[in-house]
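Q: I've got a model open and would like to learn how to read its packing. Can you walk me through it?

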Amino acid sequence: MNRSAVLARTFQAHRSALLDLLETLPEEQGTFAAWDGGMSFIGLADHLSASADRFLNMVQGQAPGAMPEPSATLTEARGRLWDSQERALAAISALSDEDLSRRVPAFGGREMPVAALIDTIITHEAHHKGQVWLMARMIGVKPPMFIKMG
């Protein structure tokens, strides 16, 4: 398996587990946030879908782009997350070893290798997945036990 395939599979493992959990949440809990001013389930799903797209813009050497309007429902936010997963998997899988070594401007002009930026996408995904796991437990939903590996 080449390097981009490993990265895509790792991203997919985290995103698929997150999507599985979000599918079990009741629609009426979409606005639940763990603390006052914290992101809700809807907010976290929107944040992750937009962040993946913005990171991928940076991978292509483009500006991150504007954040979309917030989703109105948990169903809409889950749909955005599914769609961004497909775009991310296609983009990551298509990267060659040469692409992964290429340096691109990211985060205010700091240059970094594309591979490091993809690692950032993955760790960002895992970080917020952990928040969703905890929040689900706070509302009485038991998250899946294992990360799917494709």
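Predicted model: local features only at pLDDT ≥ 70, side-chain atom pairs only at ≥ 80, totals over all residues.

Q: Which residues touch the most other members of the largest nonpolar core?
A: In soluble globular proteins, nonpolar side chains tend to be buried together. A nonpolar core here is a set of buried Ala, Val, Leu, Ile, Met, Phe, Trp, Tyr and Cys residues joined through side-chain atoms within 4.5 Å; buried means under 20% relative accessible area (1.4 Å probe, protein chains only). The largest core has 21 residues, and F11, I92, V114, L117 and I118 touch the most other members. At least two residues each come from α1 (3-24), α2, α3 (74-93), β1 (103-106) and α5 (114-138), with α5 giving the most, six. Helices (H or I, at least four residues) and strands (E, at least two) are DSSP runs numbered from the N terminus. Apart from this core lies another of 17 residues, including L25, L48, L74 and V132.

Q: What does L117 touch?
A: Contact means heavy atoms within 4.5 Å. Leaving out residues up to four places away in sequence, L117 touches F55, M58, V59, V104, A106, F107 and M112.

Q: Is α2 largely enclosed or open?
A: It's largely enclosed by the rest of the structure, because 15 of its 19 residues are buried.

Q: And what phi does G61 take?
A: A positive one, about 80°, just after α2.

Technical notes
Residues numbered from 1 in each chain as written. Heavy atoms only, no water. Buried < 20%, exposed > 50% of the residue type's maximum accessible area, 1.4 Å probe, protein only.
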